[in-house]
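Biologist: Could you take me through one part of this model up close? I'd like the pockets, please, and what lines them.

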Amino acid sequence: MRLATDRCTAFGSFLAGLRYEDGQAVDQVDIVAHSMGGLVLRSYLSGKQNAAGVFQPPANTHVRRAVFLATPHFGTGVALLFGFTPQAGELASGSRFIFDLATWNQGTDDLRGIDAIAAVGNGGTGFGLGTMPGFDDGVVALTSGSLRFYSAGRTRVVPFCHVNGGGLVTFAGLCPAGARGIANIQSAAQDAARIVVSFLNGTDDWKNVGTPAESDRFLSVDGGLNVTAHTADDMGLNLTSVTAGVLGSSKTLNLSSAKDVAYTDLFPAGPVTLTALSSTATAASTVTLPAGGTQPYTVKPGPLVAGVFPAAARVFPLSLAPGMFVAIYGTSLAATTAKAASLPLPLQLSDAQVLLNNSPLSLHYVSGSQINAVLPDTASGLVKLTVRNGGGSHTVNVLIETAAPAIFTRDSSGSGSAAALNALDNSVNTPTNPLHAGDYVELFATGLGRTTLKDGLEYANQQPTVSIDGMDCPVTFAGRAPGFPGVDQINCRVPAGIRSNSAAPVAIVSGNRTSNVATLAIQ
């Protein structure tokens, strides 16, 4: 049995079959996962298939919250010490399975936006991973067990081993004989129990258990690396060596058995120069390794896509929507800076094209570090987005959901004053030109999803809601802004009884996705 398809498929079937006593389907669950169980959960959330780089994420995850206990998110160096099996191969540090799982959506894993934390032990000896005491739980390094790839502030370090001491883990020198396993919960007063109960109940007590990653003596200053290398045209390279250099010194990283991923659990955080060698090419890149966990990187010449976000704001999770105006960030994306001069938008600017499943997108703006484009109304599911120019190409997966609203702001930062007009006179909403109860406001956003043409206007198929300062703003129109490809417009009426506030928070909800929070001036 393989970890990727078999167990995550079985897990999905199990969730789909859950019923309350009255026969009603269970819509959402909370999950506590230990060790490999966390990788099964992540495989399920991403829809990981056995074939490298292939995913079929479920439309609805049915997962609300998750607690990961000692999960080797970036593998473990001891996986193959006790014999080779397909599961052990997948769990090994540097495995293709681990790298694919870490990069399935825009080069990272956002866990589909579920609310998650991790607890990882530091009770190991360091012997199995060739490090030092306090850096592992005997099996999993702190950098591998951390959720830093998902979010900062979500990892607690506790004084446990992977499993109870004694037996094989002590015989192999991985944990002391009297060590306690992180998942061997015998009392509600134990650290792991307190973390689980607090987090699942929505309290903050878990933040007082153990040590935050940001204060740990290793995770506060170190990270881990997982590295692959590609040609300019995005073909994977068979590696002969990869080095990581910092402050005049360098470290040669470990290579996976397949020679396609290089890795290390422990490296100083900060600027790092990665140099990858193969028998046919050399690729180098300088990255900034954050402290607190392991990060995956692809090193290549030519265009490199770092992220694709709604052009209005960076929202979480990393979901896009049909018809969305997106901003693509990266390096070497275009030879020169260029902007579309008129409608219809061109399919190429400078030497750059953007393809979605091999179909060109309309482009608004291109530069070396950013491209603005419009997704088609027909886009859905997990699709491949490619930036192609005279220097090569790079492809990442992007997830297109029904809606993923994001509000434009006046300073283009994604926070602060919303891009909004008083519908009565089309004047810009500002503290000196506030809205009042009963006024109609025009709010500009992107990500409302597919539309239907009616009476000359494109109406959003999925109706959003708008709240201002916690009060419902009844929507009278939601759809495309006429004459602005990829831009959406929502008209709503400022509710009666709203208090005066020069920076009243405003947000959009569509389906199960919530926008960034911007502000409106209300008097």
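**A look at the pockets**

Modeller: Let's start with the second largest pocket, which holds about 640 Å³ of space (a volume is the space filled by probe spheres set on grid points, joined across faces, edges and corners). This is a predicted model, where local features need pLDDT of at least 70 and side-chain atom pairs count only at pLDDT 80 or more, while totals for chains, interfaces and linings use all residues. Residues are numbered from 1 along each chain as its sequence is written, and side-chain values use heavy atoms, with hydrogens and water left out.

A pocket here is an open set of points on a 1 Å grid over the protein atoms alone, where a 1.4 Å probe fits, with protein on both sides within 12 Å along at least five of seven lines; lining residues have an atom within 4 Å of a point. For the second largest pocket, 33 residues do that, and Ala59, Arg112, Glu401, Asn512 and Arg513 lie nearest its centre. Strands E2 (63-69), E22 (381-389), E23 and E35 (513-514) each give two or more residues to that lining (strands are DSSP runs of E, at least two residues; helices are runs of H or I, at least four; both are numbered from the N terminus). By type, the lining has 14 nonpolar, 13 polar and six charged residues (Ala, Val, Leu, Ile, Met, Phe, Trp, Tyr, Cys and Pro count as nonpolar, Asp, Glu, Lys and Arg as charged, the others, Gly among them, as polar).

Now the largest pocket, at about 1,400 Å³. Of its 48 lining residues, Gln106, Gly107, Thr108, Val305 and Val396 are the closest to the centre. Elements giving two or more residues include helix H4 (96-102) and strand E23 (392-400). Its lining splits into 20 nonpolar, 19 polar and nine charged residues.
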